[in-house]
Structure formats: C-alpha cells, structure tokens
Amino acid sequence: MVVFEKPKSMTDAELHYCPGCTHGIIHRLVAQAIDDLGIEGKTIGVAPVGCAVFAYNYFECDMVEAAHGRAPAVATGLKRAMPENVIFTYQGDGDLASIGMAETVHAATRNENITVIFVNNAIYGMTGGQMAPTSLPGQVTQTSPYGRDVNIAGYPVKVSEMLSTLDGPEFIARVAVNNVKNVKEAQKAIKKAFENQINKKGFSLIEVVSSCPTNWGMTPVDALKWVEEKMIPYYPLGVYKDRSATKEAE
C-alpha cells in the first residue's frame with residue numbers, strides 16, 4: 001500500500017530552494033492537482049522572475065518563462081491562443097504585487113480563464129531580502145533595517161482583499177502551508193482553482209502565505225512559527241471571493 005509518493009507531474013530535479021523554504025511544498029500541491037485532474041498533457045505553466053525563476057525545472061508539463069511581473073499577460077496570450085489548454089502562473093510577491101501589479105489586476109478584472117498561484121513570503125527572496133509590497137508593518141528587511149515605517153513606505157498590499165473587490169474574478173482565496181491542516185486546505189483550494197479553469201469559470205488566484213527562513217534570519221522551525229504568529233493574523237486565511245458559491249446561495 002502506497003501511503004505517499006512524489007506527484008508524477010514533478011520532475012526528479014533537486015530543488016534549489018533554501019532549507020525550510022515552503023516553495024517545495026507549494027510545487028508539490030500544484031503538481032498533485034495536475035495529477036488528480038489528469039491534465040499534465042495539456043497544462044502550460046508560466047514561471048516568474050524571483051526565487052521560483054527555475055520552476056520550469058520542476059514540473060513535467062510545458063513551461064514558459066515570463067519577463068518580470070508579466071506572467072498574467074503571457075498566460076492571457078497562451079490561453080486565448082490555446083483555449084483548451086490549462087494555463088497557470090506561479091509568482092512571488094515581488095513579481096506579482098510589485099512590478100506585475102497592473103498585469104494581475106487587469107487579468108483579474110477581465111476574468112481571464114487562467115489560474116494564478118501567488119506565493120506571499122513578505123520579502124524579496126532572490127535579490128537579498130529587501131522590503132516587498134507585502135512586508136509587514138515594522139518588519140525588518142535589508143531596506144528597512146529599523147522596520148517598515150508605514151508613514152514612509154505605506155501599508156502592505158493585501159492582494160486577496162483587493163482583488164475580491166473587483167467584479168471580474170471567479171475565485172480568490174488565501175491559504176498557508178505552515179502545518180498539516182493548512183497544507184490540506186491549500187491543496188483543496190489549488191485544485192478548485194484548476195477545476196474552475198477547466199469548467200471555463202474564469203480567473204482564480206490562490207495566495208499562499210509562505211516562509212523565507214534565510215532572509216527572515218530564522219531557523220526553518222522559527223520561520224513557521226512567525227507565519228502562524230505574525231503573517232496569518234495580518235493576512236487572514238479564507239475564501240475572499242467565490243462567484244459560484246454566491247450564485248448557489250442565491
């Protein structure tokens with residue numbers, strides 16, 4: 001009896017991520033959803049610029065590399081050219097919520113039939129730990145050594161809350177992968193986001209609250225505690241928009 005195995009939609013390549021980074025967990029959840037739905041042969045992923053820039057090494061499906069922040073625009077072109085394919089983007093907060101904010105908002109408001117996986121670890125990881133659009137008030141980073149001062153840098157961008165105010169998107173949810181319970185909920189949300197696309201319902205974004213032990217200056221264990229004690233209270237988990245559920249309730 002097989003209790004656990006690597007998803008078939010993941011390659012055998014060794015992950016390049018730092019010890020304790022939860023990108024690996026999120027990759028597995030995406031690959032598992034692709035396996036469960038039997039869509040590997042028609043799925044195309046769009047890799048970002050940032051820590052997940054090498055995502056194309058880890059998925060067995062076709063992958064495209066986008067310029068910094070442009071993944072939703074690239075995904076839009078792919079989906080419109082090949083509407084029967086399943087298109088997903090995999091992006092960090094610097095990619096999606098900073099340079100790529102316009103592409104994200106406009107893809108959402110047009111309700112493009114794509115799936116966006118948004119990894120929020122509240123810091124720029126690949127480039128050395130600078131303050132990100134999602135860095136918490138008071139959070140110490142390389143460019144906010146005394147903590148994020150909201151009077152100077154403004155408040156963090158709450159992507160799920162913001163996109164949920166738009167009329168366009170089909171499904172917006174925030175999940176986390178800091179414990180078993182949350183990983184299971186994240187798996188359900190990611191699978192539903194892909195199902196929405198298959199059923200031609202439109203734009204789905206899953207925000208995944210993640211850890212960055214290296215740039216937070218913490219051990220992997222302490223980083224997961226920080227997710228629980230600091231990040232989740234500021235970025236509450238849950239479904240922020242589900243048009244299908246709203247219609248059923250009516």
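Me: In β3, which residue is the bridge partner of Val 46?

Reply: Happy to start there, keeping in mind that this is a predicted model. Strand β1 (residues 43–47) and strand β3 (residues 86–92) run parallel, joined by four bridges. Thr 43 stands opposite Val 86 in β3. For Val 46, the bridge partner in β3 is Thr 89.

Me: And in β2, which residue is the bridge partner of Gly 45?

Reply: β1 also pairs with strand β2 (residues 62–65), in the parallel sense and over four bridges. Strands of a sheet pair through backbone hydrogen bonds, either parallel or antiparallel. The partner of Gly 45 in β2 is Met 63.

Me: Is β1 mostly covered or uncovered, and how many of its residues are buried?

Reply: Let's take the two faces in turn. On one side sit Thr 43, Gly 45 and Ala 47, on the other Ile 44 and Val 46, and all are buried. Strand β1 is thus mostly covered, and its buried residues number five of five.

Me: Which are the edge strands of the sheet?

Reply: The open sheet is formed by seven strands in the order β2-β1-β3-β4-β6-β5-β7, with mixed pairing. An edge strand pairs on one side only, and that holds for β2 and β7 (238–242).

Me: How many degrees does the twist average from one strand to the next, and what angle does the direction of α7 make with that of β5?

Reply: From each strand to the next, the twist averages 20°. Helix α7 (residues 180–198) packs on this sheet and touches β3, β4 (115–120), β5 (171–176), β6 (204–209) and β7. The direction of α7 makes an angle with that of β5 of about 155°.

Me: What do the buried residues of α1 pack against?

Reply: Buried residues in α1 include His 23, Ile 26, His 27, Val 30 and Ile 34. An α-helix has 3.6 residues a turn, so residues three or four places apart point the same way. After α1 comes Gly 38, with a positive phi near 65°. As for what the buried residues of α1 pack against, the elements are β1, β3, β4, α7 and β6.

Me: Is α2 parallel or oblique to α4?

Reply: Two packed helices are described by the angle between their axes and the distance between the axes. For helix α2 (residues 71–81) and helix α4 (residues 101–109), the angle is about 40° and the axes are 7 Å apart. That angle makes α2, relative to α4, oblique.

Me: Which residues in α4 do Pro 72, Ala 73 and Thr 76 of α2 meet?

Reply: By class, this contact of α2 with α4 has three nonpolar, two polar and one charged residues. From α2 come Pro 72, Ala 73 and Thr 76, and in α4 they meet Glu 103, Thr 104 and Ala 107.

Me: What is the relative accessible area of Ala 122, and what is that of Asn 111?

Reply: Most residues other than glycine have a negative phi, and most peptide bonds are trans. Asn 111, in the loop between α4 and β4, has a positive phi of about 55°, while Ala 122, in the loop between β4 and α5 (150–153), has a positive phi of about 65°. Buried means under 20% relative accessible area. Both residues qualify: Ala 122 is buried at 0%, and Asn 111 is buried at 19%.

Notes
Residues are numbered from 1 along each chain as its sequence is written. This is a predicted model: local features need pLDDT of at least 70, side-chain atom pairs count only at pLDDT 80 or more; totals for chains, interfaces and linings use all residues. Side-chain values use heavy atoms; hydrogens and water are left out. Axes are lines fitted to C-alpha atoms, for helices over the stretch in contact, and angles run from 0 to 180 degrees between N-to-C directions. Helices (H or I, at least four residues) and strands (E, at least two) are DSSP runs, numbered from the N terminus. Angles under 35 degrees count as roughly parallel, over 145 as roughly antiparallel, 65 to 115 as roughly perpendicular and the rest as oblique. Contact means heavy atoms within 4.5 Å. Ala, Val, Leu, Ile, Met, Phe, Trp, Tyr, Cys and Pro count as nonpolar, Asp, Glu, Lys and Arg as charged, and the others, Gly among them, as polar. Buried means under 20% relative accessible area, exposed over 50%, partly exposed in between (1.4 Å probe, protein chains only). Two strands pair if DSSP finds at least two bridges between them.
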